[in-house]
Amino acid sequence: MMKVSYIADFLKEEFVGKEVEILGWIYRMRDMKDKVFFVIRDSTGIIQAVIRKDKVSERVWNDAVRMQIEGSLKIKGILRKDERAPSGYEIEVTDLEVVDYGQPFPLKGGESLETIQRYRYLWVRTRWFTSVLKIKHSLLKNLREWFIKDGWYEVHPPILVGNACEETTTLFEVNYFGDKAYLSQSAQLYLEALIYSLEKVFSLTPSFRAEKSRTRRHLHEYWHFEIEAAWMRLEDLIKVTEEALKYSIEKTIEERKSDFEILEKNTGRKIEELKGFVEKPWKVVKYEDGIKILQKKGLNIKYGDDLGADEERELAMEFDVPIFLTNYPRKVKAFYMYEAGDGTVKNFDLLAPEGYGEIIGGSEREWRYEVLESKIKEWGLDKLKVKIGDEEINAYEWYLDLRKYGSVPHSGWGLGLERFTMWVCKLEHVRDTLPFPRLREGWLYP
Ligand code: 4AD
Ligand code: MG
């Protein structure tokens with residue numbers, strides 16, 4: 001049984017009056033005395049089908065009334081225009097072939113979070129969630145497209161790693177044949193090794209964070225889109241970021257109109273809002289000035305403090321476009337960021353508007369051997385050792401070595417694909433950008 005045509009293919013004037021055949025699932029149904037209405041769905045859309053008792057064989061009628069919601073079937077019939085039908089067309093069924101009658105479906109809508117979690121493997125069929133997955137697919141595809149067109153290479157760094165990229169407190173430990181290994185938090189350090197040959201690289205990998213925090217934007221496993229480029233400084237990195245993200249959003253709007261329509265009913269996201277973010281120039285704000293804005297708003301924060309989710313939300317609320325918050329104090333950011341010399345680093349966090357906060361973290365990298373060596377010591381990372389044969393060496397030696405053989409200025413960032421999708425779709429919680437999110441308390445099932 002190979003499927004050759006999809007519902008969306010038939011929702012066209014040219015098929016009216018013709019015989020069509022559809023493979024799909026029952027999305028809704030209404031059972032009347034002498035007719036049954038099905039709304040059938042497949043991956044491309046929905047279409048109404050009507051089965052009239054006096055127009056079909058007894059077998060077809062008996063099968064139709066036995067079908068359950070989510071049952072699977074093949075129908076044949078004549079396509080008609082019908083203004084009252086959900087997609088404007090209706091199929092007058094002539095034949096029906098049951099694939100699986102289905103059993104009473106455990107989800108009817110309006111269930112508690114616990115029930116949705118328990119039946120996540122069925123809940124993933126939800127119509128608006130399907131639209132989120134399609135939008136996420138487009139956002140990623142279009143990001144990739146921008147970088148490939150601009151001459152970047154996609155590369156494939158490892159997930160099992162021997163040293164930390166971000167805080168050592170959020171590492172997941174793995175037993176690697178008796179040695180300690182970790183699940184990667186970021187591909188960055190490996191991407192840095194690859195810019196000496198490929199110059200501009202990007203990768204998409206799962207990243208893992210054993211974060212203590214339980215918030216609406218933290219996952220323990222997420223998809224990380226990361227870029228790294230030789231010769232690039234912060235100003236150029238910001239330009240690339242704005243161009244690439246605007247391209248991705250703009251093209252996704254074009255490709256996913258009907259998905260945004262479905263989504264609007266659930267999350268309130270309007271295409272017009274997204275167009276607004278894409279049409280205006282994005283803002284660059286120094287951390288220092290960000291702190292002043294927050295203090296003026298009455299928040300209890302001082303220069304030198306890191307920004308939490310609440311502070312990011314308050315700050316982002318002041319702007320109607322995403323902002324690049326730059327030049328953080330060196331102490332609140334990672335060891336690898338380039339020292340500007342005034343106590344700050346050359347970095348940015350991209351904060352999404354409407355309270356979403358950080359979706360990208362990026363920086364120029366410290367490319368001077370002596371400065372990086374002393375920072376590794378200052379951060380206490382020189383104590384982390386790995387064994388190679390009988391030798392025990394510092395886990396960051398290879399990373400430091402990269403500064404010995406033709407070191408060049410370079411920059412990069414990491415974008416959380418789920419954070420990006422969450423903002424574009426205006427979702428309440430980041431878990432609904434993934435079919436099987438990894439959170440605590442039972443979220444390993446299924
Ligand atoms: O800011 P982060 O920790 O930066 C890095 O990992 C850099 N090494 C990336 C780089 O420069 N190549 O993480 C980058 C992004 C964040 O801005 C956020 O979007 C996402 O990864 N992220 C998470 N997303 C979901 N759940 C979490 N627990 C996340 N932690 C980070
Ligand atoms: Mg960050």
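**Entry 1: helix 12**

I began with helix 12, residues 369-378, and found that Leu372, Lys375 and Ile376 are buried there. Because these residues cover an arc of only 100 degrees around the axis, I place them on the same side of helix 12. I then looked up what lies against them: the buried residues of helix 12 pack against helix 13, residues 397-401. I also recorded what comes after the helix, namely glycine 380, which has a positive phi near 75 degrees. I note for all entries that this is a predicted model.

**Entry 2: the largest pocket**

I turned next to open space in the structure. I read a volume of about 1,100 Å³ for the largest pocket. Its lining comprises 46 residues, and I listed those closest to the centre as Glu166, Glu167, Arg209, Lys333 and Glu358.

Which element gives the most to this lining? I found strand 15 to be the main contributor to the largest pocket, with 5 residues. I noted the elements that each supply at least two lining residues: strand 11 (221-230), helix 11 (309-316), strand 15 (357-364), strand 18 (410-416) and helix 14 (417-425). Sorted by class, the lining of the largest pocket holds 18 nonpolar, 13 polar and 15 charged residues.

**Entry 3: the second largest pocket**

I recorded a volume of about 630 Å³ for the second largest pocket. Of its 23 lining residues, I listed Tyr27, Leu107, Lys108, Gly109 and Thr126 as the closest to the centre.

At the level of elements, I found at least two lining residues from each of strand 1 (19-31), helix 4 (120-123), helix 5 (127-149) and helix 8 (257-267). The largest share, 3 residues, comes from helix 8. By class, I read 10 nonpolar, 5 polar and 8 charged residues in the lining of the second largest pocket.

**Entry 4: enclosed space**

Finally, I looked for cavities. How many of 30 Å³ or more does the structure hold? I found 1 cavity at that cut-off, and the largest cavity contains about 50 Å³ of space. I listed its lining as Val161, Asn163, Ala164, Cys165, Ser184, Gln185, Ser186, Leu189, Tyr190 and Trp398. By class, I counted 6 nonpolar and 4 polar residues around the largest cavity, with no charged residues.

How values were computed: Residues are numbered from 1 along each chain as its sequence is written. Chains are lettered from A and ligands numbered from 1 in the order in which they are written. This is a predicted model: local features need pLDDT of at least 70, side-chain atom pairs count only at pLDDT 80 or more; totals for chains, interfaces and linings use all residues. Side-chain values use heavy atoms; hydrogens and water are left out. On a 1 Å grid over the protein atoms alone, a cavity is a set of points where a 1.4 Å probe fits but cannot get out, and a pocket is an open set with protein on both sides within 12 Å along at least five of seven lines; lining residues have an atom within 4 Å of a point. Grid points are joined across faces, edges and corners, and a volume is the space filled by probe spheres set on the points. Helices (H or I, at least four residues) and strands (E, at least two) are DSSP runs, numbered from the N terminus. Ala, Val, Leu, Ile, Met, Phe, Trp, Tyr, Cys and Pro count as nonpolar, Asp, Glu, Lys and Arg as charged, and the others, Gly among them, as polar. Buried means under 20% relative accessible area, exposed over 50%, partly exposed in between (1.4 Å probe, protein chains only). The arc is that of the directions from the helix axis to the C-beta atoms. Contact means heavy atoms within 4.5 Å.
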